[in-house]
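Subject: Structure handover

Hello,

Here is the structure I am passing on to you. My notes follow below it.

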Amino acid sequence: MFGKGASSSKSMEIIGYEKKFSVLIVDDDPIIRKIHSALLSKFTKEIQEVKNGKEAVDLYRSGASFDIIFIDKEMPIMNGLEATKELRAMGVNSTIVGVTSCDLSSERNDFIAAGQNQCYEKPLTIEKIKSLLSELNKNN
Amino acid sequence: MERSPLLRQVAHQRQTLFDEGLLDEQFVRLEELQDRTNPNFVEEIVTTYYQDTSRLILNIEQELERRPLDFGRLDGYMYQFNGSSTSFGAKKVKAECSLFREYCRAGNGEGCMRTFQQLKREYATLKRKLEAYFQLARQARLTQTASPPG
């Protein structure tokens with residue numbers, strides 16, 4: 001999925017990642033959704049946003065699928081950890097990346113135990129996303 | 001090419017926001033996301049921030065009137081406020097949010113109320129200065145478009 005392939009857009013040529021990939025942003029904060037969407041649009045045009053874990057789970061139940069899910073920890077209705085557990089229980093293999101405002105070191109174990117592949121402190125940056133994509137390219 | 005006086009004024013006003021400690025490097029990262037397809041991105045973020053956090057301010061004000069104070073609830077609201085303020089680089093507001101949360105953890109109602117008043121002052125000051133900056137920046141862009149370099 002993150003291997004070499006035909007170039008699909010100028011922005012991704014500039015960033016250096018040639019393969020298309022889709023992203024789901026899950027966060028109750030509209031500011032974070034806007035910022036992360038703008039950041040990720042430098043890497044891909046296939047971006048969708050939802051406001052909480054339940055909406056993310058419902059999307060998958062309706063048949064949608066994404067290569068990477070960026071999911072906040074603290075959200076109303078269904079938080080990031082609960083949503084991750086639910087998605088993994090459904091057999092979802094997407095890369096799930098936790099994003100938190102809290103102290104990451106104390107929460108990393110919770111994220112990994114829930115089934116997340118990686119976690120970052122908010123807000124995401126270009127450097128964090130490049131590092132994540134590089135890691136995913138290596139593992140694939 | 002020498003900058004016009006208006007552009008120099010915009011640059012100076014922008015620098016003042018950092019020199020006075022109102023903004024941090026996260027604001028710069030947001031500016032870097034601005035491009036031709038998204039020219040007003042930072043202003044949109046700031047507008048969304050003030051719309052969203054005005055609701056939080058109201059909630060916190062109402063909570064601070066209750067007796068006894070629910071520090072857990074107050075901390076929850078301030079956690080959200082802190083997250084939003086951090087996301088666009090509102091440095092002084094963020095500092096007051098952290099202080100408020102410390103007072104919540106200590107169960108110090110007086111400290112919470114005092115800090116909240118200071119937070120609102122910093123929040124209003126930042127709003128006023130950002131609005132002035134964005135207005136000036138828009139003026140400068142219009143002037144540039146009207147008189148292309150020749």
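In which loop of chain A is Ile77(A) found? Ile77(A) sits in the loop between β3 (68-72) and α4 (80-89) of chain A; helices (H or I, at least four residues) and strands (E, at least two) are DSSP runs, numbered from the N terminus.

Some ground rules before the rest. This is a predicted model, in which local features need pLDDT of at least 70, side-chain atom pairs count only at pLDDT 80 or more, and totals for chains, interfaces and linings use all residues. Residues are numbered from 1 along each chain as its sequence is written, chains are lettered from A and ligands numbered from 1 in the order in which they are written, and side-chain values use heavy atoms, with hydrogens and water left out.

Backbone

Ile77(A) has a positive phi, near 70°, and is not a glycine. Its relative accessibility is 66%, so Ile77(A) counts as exposed (exposed is over 50% relative accessible area, buried under 20%, partly exposed in between; 1.4 Å probe, protein chains only). Most residues other than glycine have a negative phi, and most peptide bonds are trans. The bond from Lys122(A) to Pro123(A) is cis, with omega near -10°, and Pro123(A) lies in the loop between β5 (118-121) and α6 (126-139) of chain A. Another cis peptide bond joins Arg67(B) and Pro68(B), with omega about 0°; Pro68(B) is in the loop between α3 and α4 of chain B.

Interface

In contact (heavy atoms within 4.5 Å) are 17 residues of chain B and 15 residues of chain A. One salt bridge is counted between the two chains (a side-chain nitrogen of Lys or Arg within 4 Å of a carboxyl oxygen of Asp or Glu). Its partners are the side chains of Lys42(A) and Asp35(B), at 2.8 Å, N to O. On the side of chain B that touches chain A, α2 (25-33), α3 (41-65) and α4 (71-88) each supply at least two residues, and α3(B) gives the most, six.

Regards
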